[in-house]
Every structure is written in structure tokens, then in C-alpha cells.
Amino acid sequence: MNKTMRSLIVEEKALTGSQRMPAKQMARSKSPVLPLLLALLALSLIFLLFSFHSPSPADPSAILHPNQPTYKPETSFVASLERFLLAHKSRPFKPRDDTVLTTPTQSQLKHLDDLVFQSDSHRLYADPYYPLSLPMRVYVYDMPSKFTYDLLWLFRNSYKETFNLTSNGSPVHRLIEQHSIDYWLWADLIAPESERLLKSVVRVHRQEEADLFYIPFFTTISFFLLEKQQCKALYREVVKWVTDQPAWNRSQGRDHILPVHHPWSFKSVRRLMKNAIWLLPDMDSTGNWYKPGQVYLEKDLILPYVANVDFCDARCISKTRSKRTTLLFFRGRLKRNAGGKIRSQLVAELSGSEGVAIEEGTAGEAGKAAAQNGMRKSVFCLSPAGDTPSSARLFDAIVSGCIPVIVSDELELPFEGILDYRKIALFISSSDAVRPGWLVTFLRNISHAQIEEMRQNLAKYSRHFLYSSPAQPLGPEDLVWRMMAGKLVNIKLHTRRSQRVVKESRSICTCDCKRANSTTAGHL
């Protein structure tokens, strides 16, 4: 009999013997185990108690990301910028591979193209949802500091001392804050991963791994704080620097993101970067600010202005409900150019109407306090067009819990592929709004139930318009990348098509072509 058989017989006898063991003897043999089991049970209960200890509801990011350190969101641009610059104060500029000074050679472009093909192929066969899956992979250019940090320091060192006004009377530094979307996006993208909360985007450090490329240039700061010729020269340098990058040449800029959030900025060189994805306040199809065909929804992305008033959350909306005795409120510039001429017509129609408050806007903290106080005492807030179809007043109303009444026929809205603005705002045509008595009568006839429903929706939606550091899930920075994910397939389509067409191929028909063709067909 071999050793294996003998061991099995011994084990079987031992097992049979244990089965015949008296019950009292078995109980005595197991009794030392009971204290150990009780101790383990007690430890498990303690662990469960700590596990179910909920973080404070005031910090939703702690609930969504319990394993990450929590940072109180900073929504003030000035305060966030101060903290950001102090953290990067001693940062030297270290040129990377993307810091090229000459147009890339064909061999460089082919090498990058081969690497992109390998990366895309791997993701195609490894990820069943590619290219529709999140997170978006973004390569952030490490640009010379004169395009980035130097401009932020320029703003930081001058905003307290300056009282500069634009030609239409707006404070320069307040305008920069309203359009500071370039800062909020960049600050999140380059933050240490341990401090970031967004799961919709990840920064990659190899160009071939990127879905998109972010250009961290501050077009608004440079426009308002540099001398005119100095600004134009810097714009030309930026264009040269970016268009010399191999990734730009590979796609002709179609997968590059450029923040151009103030409609006056970057005008002298826009035509040289027209293929890039522009981050805009609106489209302005009137042609006053952008040339026909220069911007369109399929290519570009609308982002909200940075609010100028404090956030009124659900508790605040509930608390101010009984104080909202004004039917319709507006505080801002009463005279504007271009599409904003509707303002003077609305003032003439609405002034003196019962329950309507129309006030000329003023700058500074006093002006901010007056606007915030008026919005929190009103049921509806008028949001007419400004110099462009959009206005910062819309987003001030949203975060104040005041139902926006939008009078802007050409308006395009941020993140409309995700958000349904009909649930939080009223849209009124300009022709109806200026009819004698029409608007006030219309607002008075809206039921209390509808008003309450829209207020509840405002309380839910307002978080989507609050820029912060760190950027919060479902905040505007997050929705940017969710919207970009919807554009990615089309970007890749046009990039690859442009790489393979021959000179005899038909040109790509843009939305303008289609619009023109449909208009022509309607006249036939």
C-alpha cells in the first residue's frame, strides 16, 4: 500500500472517531473559540459604525468620492487665483517635447500618426464603448509662462489698484472675472490627481494618448490688460507656437480646444485657428462679433459666464420664498449696442408697471449687493440680450433662485445637450415682450404651481453654473467634458477624412452650406 493510500485511511479513521465523540466532550473542545468569535463580532460592529458615518451634506464631493481628501470648494475667482499662484509661485518653465520652434517635418508627423494609430487601435479592441466612453483624455500644452502664469500674475497684481473701464462703461477686471472660464478649466486639468474630483476627464502626458488638446492661453486677460500692439504681438506668438506643434498639424487643429470666451478677444488672428474648438459665451449669428461660418454648435462649445452674485442654494430659496414680492426685476446697463438695443425698448415699456423693478447697474461691491438683493426678492428676473445675445444676468438669476425671463431671439445656451432650460426659464420673443402690457400680464397669469416647480428645478440646476476649485462633479467644468465626449466621434471623422482626401475630392459641406441650401430650396 503506498503512502497516499495510508494517509487517506488515517484521516478517515480520525474523522470517524471525531464523529463518535460525545457531545459534552465536543462542547468542551470548542469552548475556547467562543471568546474569539465574540471579539471578532465586536470589532465588526465597530467597523460598521464607522463605515456608515455619513459625511456632512454640505460637502457633496465627500459623498461622491469618500476615499479622496476633501477640500472646501472655492468659488471666488480672486481667492482661488491667489491660492493657485502661491502654490505655483516658484514654478520654473521647463520646456517639454511639445516646445518646438519650427514647423514639424513629415517624418515627425508620420511618427506621431503611427503612435496615434497604435493607441487608438488598442483602445478600440480593449474598450467596448470607445470612443464614446469617459473619461476624456486631454493633453495640456506646457506653454511658456508669458502665455500663462505671467498673465495671471498681471491680473493678480493690478486688479486692486485699477478702475479702468471699457468703452461701454464696464469695469475691466470684473469682465475678466466673468469670462475666467479659461482659468477654472486649466486649474483643474493641471491639479494633482489626488486633489481632483472629476471623473469625466483625465490629463495625459503623451500626445498619442490624447483625445483632445487644451491650449492654456488667457485671451481675455491679454486683451484687456496689455497695450493694443503688445496684445496683437502676443496673439501672433501664440498662433505660431501652437500651429508649430505636430499634433496641431496632424489634425489641422480640429482636436484642439481654445478658450475665446470674451467676444472682443483674439479677433486679429481668429482666422488662423478657425478649425479649433472654441469655448464661447454664445454664437452671435448676427455677425457682429464672429464672421459667418466661423463658429457653430457642431464644432464649438458654449460655456456659462462666471456668476457675479453669491449662490442661493435650496435652503436659501426656501427661506427667501415669502420675501419674493417683486414680480419682475432687472438691474444692469439699460442701453446696449447691437442686439442689446432691445433693452431700451423694454425699459420704455416696463417702467412704472406695478410689481416691476428696473434699475441702472453700477459697479463694485455696492452694485453686486444691490443686484443680489433685488434678485432674491423677485419671482422673475429679466434677461435681455446685451451687446451679444448672451448676458451674465442670466446666470446671476439662476444661482439666485430667480426664474429667468429670456428676451434674446438669437441666444444659444451652455450644455443644452444635457440641460433642459424650459424647466427653469421662460423664453419670450422680442416682438411679444415690447407689446404694451403683454409681458406683465403673461407673468401674472403663470400659476403658483408652475412657479414652485421651476424654483425646485432651479435649486437642482444651479450647481451646473458654479465654477469652483476643486472642480465639482456636475459643475460647469465637468459638463464641458461630458459635452466634448459627444463631439469626439465627429472630430475624429473630419480629422481622418481630411488626411486621406485627394485634391479632386468634394469639399466638406458645413452647416452654413446646408442652411444656405435649405433657404434656397424654400424660395423655389
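Modeller: Counting bonded cysteines along the chain, the disulfides follow the pattern 1-2, 3-4. A disulfide here is a pair of cysteine sulfur atoms within 2.5 Å, and a search of the whole structure finds 2 of them. In general terms, a disulfide is a covalent bond between the sulfur atoms of two cysteines.

The model is predicted, so local features need pLDDT of at least 70 and side-chain atom pairs count only at pLDDT 80 or more, while totals for chains, interfaces and linings use all residues. Residues are numbered from 1 along each chain as its sequence is written, and side-chain values use heavy atoms, with hydrogens and water left out.

Buried means under 20% relative accessible area, with exposed over 50% and partly exposed in between (1.4 Å probe, protein chains only). C312 counts as buried because its relative accessibility is 0%. C316 has a relative accessible area of 13%, so C316 is buried too.

The other disulfide joins C381 to C402, S to S 2.1 Å. The torsion about the S-S bond of C381 and C402 is about 105°, so this disulfide is right-handed. This pair links distant parts of the chain, 21 residues apart: C381 is in strand β9 (residues 378–384), and C402 is in the loop between α16 (392–399) and β10 (403–407). Helices (H or I, at least four residues) and strands (E, at least two) are DSSP runs, numbered from the N terminus. Both C381 and C402 are buried.

A nonpolar core is a set of buried Ala, Val, Leu, Ile, Met, Phe, Trp, Tyr and Cys residues joined through side-chain atoms within 4.5 Å. The largest one has 126 residues, of which L212, F380, W481 and M484 touch the most other members. Helix α20 (residues 476–500) gives the largest share of this core, 8 residues. A second, separate core of 5 residues includes C381 and C402, together with F329 and M375. In soluble globular proteins, nonpolar side chains tend to be buried together.

A further cysteine, C231, counts as buried because its relative accessibility is 4%.
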